[in-house]
Amino acid sequence: MTKLNHTWNSTAISHAHGMVRRLLMSLRISQLLKQAPSSATVTAEGWVRTKRESKNVCFLELNDGSSLVGLQIVVDLNSFENKEILTRITTGASLVCTGFLVNSVGGDQEVELKAQSIELIGEAPADTYPLQKKRHTLEYLREIAHLRARTNTMGAVARVRNVVSYAVHSYFQENGFAYVHTPIISTSDAEGAGEMFQVTTLDLANIPRTEQGTIDYSKDFFGKKAGLTVSGQLQGETYAMALKNIYTFGPTFRAENSNTKRHLSEFWMIEPEMAFCTLEGDMAVAESFLKYIFKAVVDKCPEDMDFFSKFVEKGVAATLQKVIETPFAHLTYTEAVAELEKHNSTFEYPVHWGSDLQTEHERFLTEQVCNGPVIVTDYPKEIKAFYMKLNDDGKTVRAMDVLVPRLGEIIGGSERESRLDVLTARMQSLKLDPADYWWYLDLRRFGSVPHAGFGLGFDRAVQYITGMQNIRDVIPYPRAAKQADF
RNA sequence: UCCCCUGUAGCUCAGUCGGUAGAGCAGGUGGCUGUUAACCACCCUGUCGGCGGUUCAAAUCCGUCCGGGGGAGCCA
């Protein structure tokens, strides 16, 4: 590198920004589509989705991922010089097209690019390019995950996922939450949230043993057994006890051998945690947060949402709008069970007080009883985690699950047990060693305060918003049991 | 992990009672006055998932292994 001889001042910054604009920010197809026809020369860069040719004219649809629809490039074969290039332009080829925007003669678009010159940057031979100009199944597209973002559906998913991501941060930032990076590698084993992937540098062909014959983790990299995080909640709580309101947003790993359309081994989770907050505040945040991210997508991705409504899940955009406008229903677990027991004959697994709610019960509550999202609270302590606050009845805890139609549980949260004696007793009854949680219990020893939080499966939220049936199609490269390609 | 379904052309699928396979789309060539999943005509395309068995003969029946999908459990 040459020595920098300028000072990093505002002139330099604006120079750099100008460079970025020229290199990266100019002339996206979504912007070109909104411009008025003009004799000014413009350039469009992108990938060919389809080519249609007749005697006098050739049409190319160019897409650069900035919008669902592409820009139609029109080539007048009577005046276009470089006809040879057209035979090499096929679906998937990358082009730089220069010309000017004109009113479209055809019906489906306002403007199109009348091409003066076309530069073929990268060919995509039609006999080997895996994406054809026809509809493919999502299962097939998973096998070519490195190319599937170039399809309408996966492109729309990618744009929505991006908007949801940004909305997560803006919601919390606008509401005084600090973003906290909780660790990816964790040595606190017994969080109870699921099987961990082990992290080790031990030689698996020659594992060191203790005198008792067990694995000698003191020889391992961290000196003890370590794994990938299954939740950032416990660490998140420690920062809530200093910054009041925090959130985490990062990858989470579960080594469960579950094979369903709503589970991944590697997924993204959002975990806000609020100090000086009870279950009521927790539920209020959960509801306003969900509505905020839904509204962000409705506002920013109308074209993609129309697409999902038409081709993926009929009416999903309207459903989302209705959810935004409707207050969430509230039921205690006891009320929910009473309601479900009336229809026990219709369930494969009848409900009774104390049993966990099955998928069929969650669907019944959201789709039949409440006709929309519902928050179920105050579950029996036996079916919930140790850290949830015990109610005065001694039987239930201050847990809350947000259930939505079609998907079931999208958020799980609770007010945390802030009383040291109650929490310790609870751990002991569950055969958890309080010594393993000494730092977590310190939060109850020093300046303990009522606090609450929840976890939202980010990918499930994207699944709910888009109506995509399988969670493996809302994340770029899904990881699940026996599946970690690309 | 359990239960069910499935694997045939590049893709999506059909293939009857066991007789070595055929449609649509994609691709190629030609045609077409501006197309929109363009259209019309013609042409090309196969280790029938792998291995083993039954049979004169297996895509088809049996066994087994592998891949894919759906449901359940677990959860986010």
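A polar backbone atom of Ile 410 lies 2.8 Å from a sugar or linking oxygen of RNA strand B. This is a predicted model, and the distances below are computed from it.

Thr 137 places a polar side-chain atom 3.2 Å from a phosphate oxygen of RNA strand B. Arg 254 has a polar side-chain atom 2.9 Å from a sugar or linking oxygen of RNA strand B.

## The surface around RNA strand B

How many residues surround RNA strand B? There are 49, and the closest are Lys 134, Thr 260, Lys 261, Gln 358 and Arg 460. Of the atoms of RNA strand B that come within 4 Å of the protein, 53% belong to sugar and phosphate. By class, the surface near RNA strand B holds 21 polar, 17 charged and eleven nonpolar residues.

Several elements supply at least two residues each to this surface. Among them are strand 1 (42–53), strand 2 (57–63) and strand 5 (111–122). Helix 4 (138–143) is another contributor of at least two residues. Strand 11 (266–275), strand 15 (408–415) and strand 16 (451–457) also belong to this group.

## Chain A as a whole

Chain A has 14 helices and 16 strands. Its C-alpha atoms fill a box of roughly 85 × 65 × 50 Å along the principal axes. Of the 486 residues in chain A, 48% are buried.

Contacts also reach across the sequence. Take the contacts in chain A with a separation of 6 or more: residues 24 or more positions apart account for 67% of them.

Where does Arg 254 sit? It is in the loop between strand 10 (245–253) and strand 11. The side chain of Arg 254 reaches the backbone oxygen of Val 230 at 2.7 Å. Arg 254 and Ser 231 are 23 residues apart in sequence, and their C-alpha atoms are 9.3 Å apart in space.

Helix 6 spans residues 233–243. Its buried residues are Gln 233, Leu 234, Gln 235, Gly 236, Glu 237 and Ala 240. The cover over these buried residues includes strand 7 (185–186), strand 10, strand 11, helix 13 (438–445) and strand 16. Just after helix 6, Lys 244 takes a positive phi of about 75 degrees.

## Helix 9 against helix 14

Helix 9 (residues 316–325) and helix 14 (residues 458–466) pack at about 115 degrees, with axes 8 Å apart. At that angle, helix 9 is roughly perpendicular to helix 14. Helix 9 brings Val 316, Thr 319, Leu 320 and Val 323 to the contact. Helix 14 brings Tyr 464, Ile 465 and Thr 466. The residues of this contact divide into five nonpolar, two polar and no charged.

## Positive phi in two loops

Most residues other than glycine have a negative phi. Phe 276 has a positive phi, near 55 degrees. Phe 276 lies in the loop between strand 11 and helix 7 (279–300). Is Phe 276 buried or exposed? Its relative accessibility is 64%, so Phe 276 counts as exposed.

Arg 406 also has a positive phi, near 80 degrees. The loop between strand 14 (396–404) and strand 15 holds Arg 406. With 27% relative accessibility, Arg 406 counts as partly exposed.

Definitions and conventions: Residues numbered from 1 in each chain as written. Chains lettered and ligands numbered in written order. Predicted model: local features only at pLDDT ≥ 70, side-chain atom pairs only at ≥ 80, totals over all residues. Heavy atoms only, no water. Near = heavy atom within 4 Å. Polar contact = N/O pair within 3.5 Å; in protein donor to acceptor, adjacent residues only side chain to side chain. Helix = DSSP H or I, 4+ residues; strand = E, 2+ residues; numbered from the N terminus. Nonpolar A, V, L, I, M, F, W, Y, C, P; charged D, E, K, R; others polar. Axes fitted to C-alpha atoms, helices over the stretch in contact; angles between N-to-C directions. Parallel < 35°, antiparallel > 145°, perpendicular 65-115°, else oblique. Contact = heavy atoms within 4.5 Å. Buried < 20%, exposed > 50% of the residue type's maximum accessible area, 1.4 Å probe, protein only.
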